[in-house]
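Colleague: I would like to learn how to read packing and backbone features from a model. Please give the general idea each time, then the case.

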Amino acid sequence: MSSSEKDKVYARAPECAFREIDGEAFIVSPKTGEAHLLNPTGTFIWSKLDGEATAGRIADALAAEFDVGAQAALADVSEFLDELAGLELVAEIGKESNEGSY
Amino acid sequence: MGGSEERGGGALEAAFEKAKRAGLTLSVHFELTRRCNLRCRHCYVCGADDEARREMSASQVFRALDVLADSGTLFVTFTGGEPLLRGDFFEIAERAVEKNFAVRIFTNGTLIDEAAADRIAALNPLEVGISVYGATAETHDGITGAAGSFEKSVAAARALLARGVTVTVKSVIMKPNFGEYGALIDMALEMGAKYVFDATVFPRDDGGREPLELRLDDDMLWETLRDDRLTGRKPGKPAPDVCRGPVCDLSTATAGLSPEGDIFPCLQLRKRMGNIKEIDSLSEVRDAWMDIISGLTRETENEKRYNCEYKKYCARCPGLAELEDGSATGPSQWACRAARLRAKAKME
């Protein structure tokens, strides 16, 4: 997984309405009219989308919570966020810069 | 491992099933006011003279939304009366969006000018349902009792559609507009709107039966039951099943709220379970709720007349049965008429 994938920052689409039902996020998009029910892993990732956390930080949290390897967690997070972006439920809003300041 | 999502109608159904199991109320119809600027001949809502004084204040509605959000409610439908008659309607709707509700608005559209359409579009509602009762001003205005209402309602639908809002034209098919329902479907589709039509006319909430005179006669009802654009039947396929069990779709997953904050299983079934001003969570009325639903289910299933030969064609509404025929668990003359005709259509 490239470092650029790790540094991406995503945010939930602001128009999406959602609630957690028995540990699973239920999301409705007024834009597409579609309803989506996430599994517990997806729900965990969704709950971390605060508009500041990078995919890498979310993957670290996922690895700790579900006791999986860091690489596998990052692959899962990146793939899932790509899928949600395709459904217009999240949008990439930037990248955390690792460059120096001079 | 791996995040995944289930999508579409399957996800919606699964979410409602999960909500029922978890005891959550996923969807609430919130009657913000009984006041209305139209006087539709078929309307069941009866407002008192001091209606505005009886309504919850904005701060009480805000708190009600907090209680619903904390109770797991996702869908909130603002209805009335005419909800936009409340001067604080947009503050309420904006608050609902802030609380992450999926918002629907049912309105007659007459108060939606260009500025209001902008504000509604900014809410990103899931749907705005606009009541239209004819394809011509003469028919629609004749039903609403308000000259110029057709023009305003249709203009509102077009203004919202132009802003990308999902609009559903909602109508009740009755004797006065029977000859125009086809043209109204065409009009809705031409505008880019969806449509939901129903031929069920309810008595007034106070028991008044005047609206029932507007109901379709058997020949007209027969025609609507064989119209694929109304039944949803696909070519070469049977009509979708209409039987929704002894108590319709009643469950703890859906509820109705009155302008005063009274909580009902459904706005058509006014069995009061509590008041939202007096509770911190819908779970506090869950026992009363379960008692109502299980009692209705048991008594209806034991009702010999419910288990008749037309049962599978029966779309019986317990609220209508109570209002019109005196018992929520007994037969509904309207449902019986429609079920017999559906069975006849099936045999053709």
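Colleague: What do the buried residues of α1(B) pack against?

Modeller: They pack against β2, β3 and β4 of chain A. Contact here requires two C-beta atoms, placed from the backbone, within 7 Å. A residue is buried if 20 or more other C-beta atoms lie within 10 Å of its own, exposed if 12 or fewer, and partly exposed in between, again with C-beta atoms placed from the backbone. Helices (H or I, at least four residues) and strands (E, at least two) are DSSP runs, numbered from the N terminus. This is a predicted model: local features need pLDDT of at least 70, side-chain atom pairs count only at pLDDT 80 or more, and totals for chains, interfaces and linings use all residues. Residues are numbered from 1 along each chain as its sequence is written, while chains are lettered from A and ligands numbered from 1 in the order in which they are written.

Colleague: Which residues of α1(B) are buried?

Modeller: B:Ala15, B:Phe16 and B:Ala19 are buried. They cover an arc of only 95° around the axis, so they sit on the same side of α1(B); the arc is taken from the directions of the C-beta atoms from the helix axis. Exposed B:Gly10 and B:Arg21 are on the face turned away from that buried side. After α1(B) comes B:Gly23, with a positive phi near 75°.

Colleague: How far apart are the end C-alpha atoms of α1(B)?

Modeller: The expected span is 1.5 Å times one less than the number of residues. The 15 residues of α1(B), 8-22, should span 21 Å, and the end C-alpha atoms are 21 Å apart, which agrees.

Colleague: How many residues does each chain give to the contact?

Modeller: Chain A gives 25 residues and chain B gives 25 residues. On chain A, the elements giving two or more residues are β2 (17-21), β3 (24-28), β4 (35-38), α2 (40-47) and α4 (70-86).

Colleague: Which partners does A:Phe26 contact beyond its neighbours within four places in sequence?

Modeller: In general, nonpolar side chains in soluble globular proteins tend to be buried together. A:Phe26 touches A:Phe18, A:Arg19, A:Ile21, A:Ala35 and A:Leu37, and from chain B also B:Ala15 and B:Leu74.

Colleague: Where do strands pair with β4(A)?

Modeller: Pairing needs at least two DSSP bridges between two strands. β3(A) and β4(A) run antiparallel with 3 bridges, one of the pairs being A:Val28 with A:Ala35. Six residues separate them in a hairpin, where A:Gly33 in the turn has a positive phi of about 75°. β4(A) also joins β1 of chain B (residues 5-7), antiparallel, through 3 bridges. A:His36 is partnered there with B:Arg7, and A:Leu37 with B:Glu6.

Colleague: Are the faces of β4(A) covered or open?

Modeller: In a regular strand the side chains alternate between the two faces of the sheet. Both faces of β4(A) are covered, with A:Ala35 and A:Leu37 buried on one side and A:His36 and A:Leu38 buried on the other.

Colleague: Which backbone angles should I check?

Modeller: Most residues other than glycine have a negative phi, and most peptide bonds are trans. A:Asp22 has a positive phi of about 50° and lies in the loop between β2 and β3 of chain A. A:Asp22 counts as partly exposed because it has 14 C-beta neighbours inside 10 Å. A:Asp67 has a positive phi near 55°, in the loop between α3 (55-66) and α4 of chain A. With 9 other C-beta atoms within 10 Å, A:Asp67 is exposed. The peptide bond between B:Gly80 and B:Gly81 is cis, with omega about 20°.
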